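Let's take a friendly walk through some helices and aromatic rings. Have the sequence and the 3D view ready.

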Amino acid sequence: MAIKRSRPFFKTCVFFAGLIPFGWLAFALWSDTVNATVYMTADPVQKLNRELGDWAMIFIIITIAVRPFADLTKKPGLVAYRRMIGLYAFFYALLHVSSYVGIDLQLDLMVFVKDITNRNYILVGMVSLTLLFPLAVTSTKGMMKRLGGSRWKRLHYLVYLIAILGALHFFMMTRADFSRPILYAVVILVLLGYRGWTYQRKTRLKKRTAPTTEAT
Amino acid sequence: MLIKTKNISDAKSSEIVQQDFYYNRRKFLTSAAGLGCAALLPALGSPAFGAQKPLKNVQKTAWGDKLQPTTFDAVTTYNNFYEFGTLKSDPSKNAHTLKPHPWTIEVSGHADKTGKFSYGDIIKPHQLEERIYRMRCVEGWSMVIPWVGVPLAKIIKRLEPTSKAKYIAFETLLDRQQMPLQKFPILPWPYVEGLRMDEAMHPLTIMAIGVFGSEMPNQNGAPMRLVVPWKYGFKGIKSIVKISFVEKQPPSTWSVSTPHEYGFYSNVNPEVDHPRWSQKRERLITGEGGFSALFAKKIETKMFNGYAEEVAGLYAGMDLKKNF
């Protein structure tokens with residue numbers, strides 16, 4: 001009951017927390033413009049794009065870490081914040097691509113098309129972003145009901161593929177220091193491994209306790 | 001009628017600024033900082049703001065005298081120098097561990113004068129020159145940098161290479177104490193680079209020992225580094241400790257690390273894309289940050305970085321797509 005009552009408050013907190021990186025980047029750019037600080041380096045085009053991509057990865061990883069974290073801390077209510085965090089991953093991924101096409105390529109769409117067809121790391125990144133769309137669209141309560149719990153869940157397992165493709169995209173665009181993309185990939189694989197393990201355990205438990213009633 | 005012959009590498013009239021503009025600007029900024037923010041400066045703590053010793057008897061040259069240099073702050077805080085970190089802001093924060101004086105350079109290979117030389121042995125006999133060059137990074141951005149240095153040809157001549165010397169190879173310092181990132185296998189250390197002998201002897205190629213009329217800051221490759229303005233920036237090997245005259249094409253770090261992306265020649269060429277991005281345009285970093293830099297229009301990348309008139313002859317008949 002206590003969890004339920006405080007949920008709107010915490011949801012608001014999560015909402016504002018998700019905006020912090022965006023707010024920071026906007027402030028940094030404003031400050032560099034007005035106060036001649038160098039938060040965004042002398043080449044903010046590259047810096048902004050990297051930051052946005054990095055935050056998309058971080059929010060994706062937080063999204064898939066929510067369930068294991070809720071299990072370990074025995075706070076199942078935390079799962080209620082997962083969709084919003086996932087939407088932030090979508091938000092930053094969308095800004096990441098927009099900054100690439102709009103600012104880096106200066107809306108030269110021909111170059112972008114060439115990028116997608118010729119450059120594998122951009123293709124992988126775009127597939128990852130495209131897969132995020134159906135998840136974002138079906139993230140509302142109404143869509144959850146319309147799809148039904150198990151179908152919705154199955155669709156949203158895509159988040160693991162999206163995370164892996166995101167890390168692969170990061171790995172492929174790195175030219176020397178692979179520590180960050182490798183760290184992301186390892187964290188994603190550990191989280192995926194955990195989910196696989198609990199899933200197996202659950203189905204085994206189900207078989208043992210209720211062999212006749214498969215449906216849940 | 002007044003007819004003016006124009007060098008391809010000359011700037012458009014819109015890029016022209018008064019000579020000494022940046023010196024005055026720097027002077028103004030320093031004095032303003034001294035008066036207004038004296039208390040703030042130590043807190044910034046960046047070696048980029050540390051006083052570099054001004055160099056004496058620097059001869060002005062016509063090279064780039066019509067180009068508007070990028071600001072001192074951008075040139076000294078936006079650096080690729082992986083020995084000190086892989087972020088652009090890392091070298092200016094971390095390079096204080098480098099000890100550029102005293103400095104020893106070992107010369108070996110096919111030359112009459114080989115052995116160990118001090119920094120003074122190599123540089124002192126020569127007239128220092130200022131060369132304002134465009135610097136195009138392979139990543140797609142560029143700067144205009146007022147280097148101080150000596151034509152490499154003059155240094156080479158004094159070392160008396162033999163006819164067997166077809167290439168010249170350079171090596172950066174290998175010292176995990178002074179260059180902390182060498183503890184990690186980000187690249188095969190030490191950083192190595194090389195030039196064909198005619199490239200090394202070309203009057204545009206310099207051994208740089210300073211920027212903006214002062215000694216080279218550590219993060220820019222103190223005490224001496226190569227500058228080859230018609231090639232991508234990574235050819236400009238920093239903090240050089242070894243020079244050798246060799247018969248065969250020497251290895252270069254990036255072409256060893258990622259051979260399909262970086263070649264030995266690495267001439268700036270808008271027609272040859274990097275496998276992962278186009279090289280047709282570049283972002284010119286002026287030093288103005290924030291939104292104005294974010295939405296500044298990209299400029300067209302020029303063949304040989306705008307020095308085609310001077311260097312295209314070196315590559316006559318060569319397939320530049322193959323020899324990228």
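In chain A, helix α4 (residues 109-118) and helix α5 (residues 120-137) have axes that come within 6 Å and cross at roughly 95°. That makes α4(A) roughly perpendicular to α5(A), a label for angles of 65 to 115 degrees. From α4(A), the contact (heavy atoms within 4.5 Å) uses Phe112(A), Asp115(A), Ile116(A) and Asn118(A), while α5(A) brings Asn120(A), Ile122(A), Leu123(A) and Met126(A).

The model is predicted, so local features need pLDDT of at least 70, side-chain atom pairs count only at pLDDT 80 or more, and totals for chains, interfaces and linings use all residues. Residues are numbered from 1 along each chain as its sequence is written, chains are lettered from A and ligands numbered from 1 in the order in which they are written, and side-chain values use heavy atoms, leaving out hydrogens and water.

## Rings and charges

Over all chains there are 31 aromatic pairs, meaning rings of Phe, Tyr and Trp (its six-membered ring) with centres within 6.5 Å. In one of them, the planes of Tyr167(B) and Phe264(B) stand at 80° with centres 5.9 Å apart, so this pair is edge-to-face (planes over 60 degrees apart). Both Tyr167(B) and Phe264(B) are buried, that is, under 20% relative accessible area with a 1.4 Å probe, protein chains only.

Two charges also lie over ring faces, with NZ of Lys or CZ of Arg within 6 Å of the ring centre and within 35 degrees of the ring normal:

| Charged residue | Ring | Distance to ring centre |
|---|---|---|
| Arg134(B) | Tyr307(B) | 5.0 Å |
| Lys235(B) | Phe264(B) | 4.3 Å |

How values were computed:
Rings of Phe, Tyr and Trp (its six-membered ring) pair if their centres lie within 6.5 Å; planes under 30 degrees apart count as stacked, over 60 as edge-to-face and the rest as tilted. Buried means under 20% relative accessible area, exposed over 50%, partly exposed in between (1.4 Å probe, protein chains only). Axes are lines fitted to C-alpha atoms, for helices over the stretch in contact, and angles run from 0 to 180 degrees between N-to-C directions. Helices (H or I, at least four residues) and strands (E, at least two) are DSSP runs, numbered from the N terminus. Angles under 35 degrees count as roughly parallel, over 145 as roughly antiparallel, 65 to 115 as roughly perpendicular and the rest as oblique.
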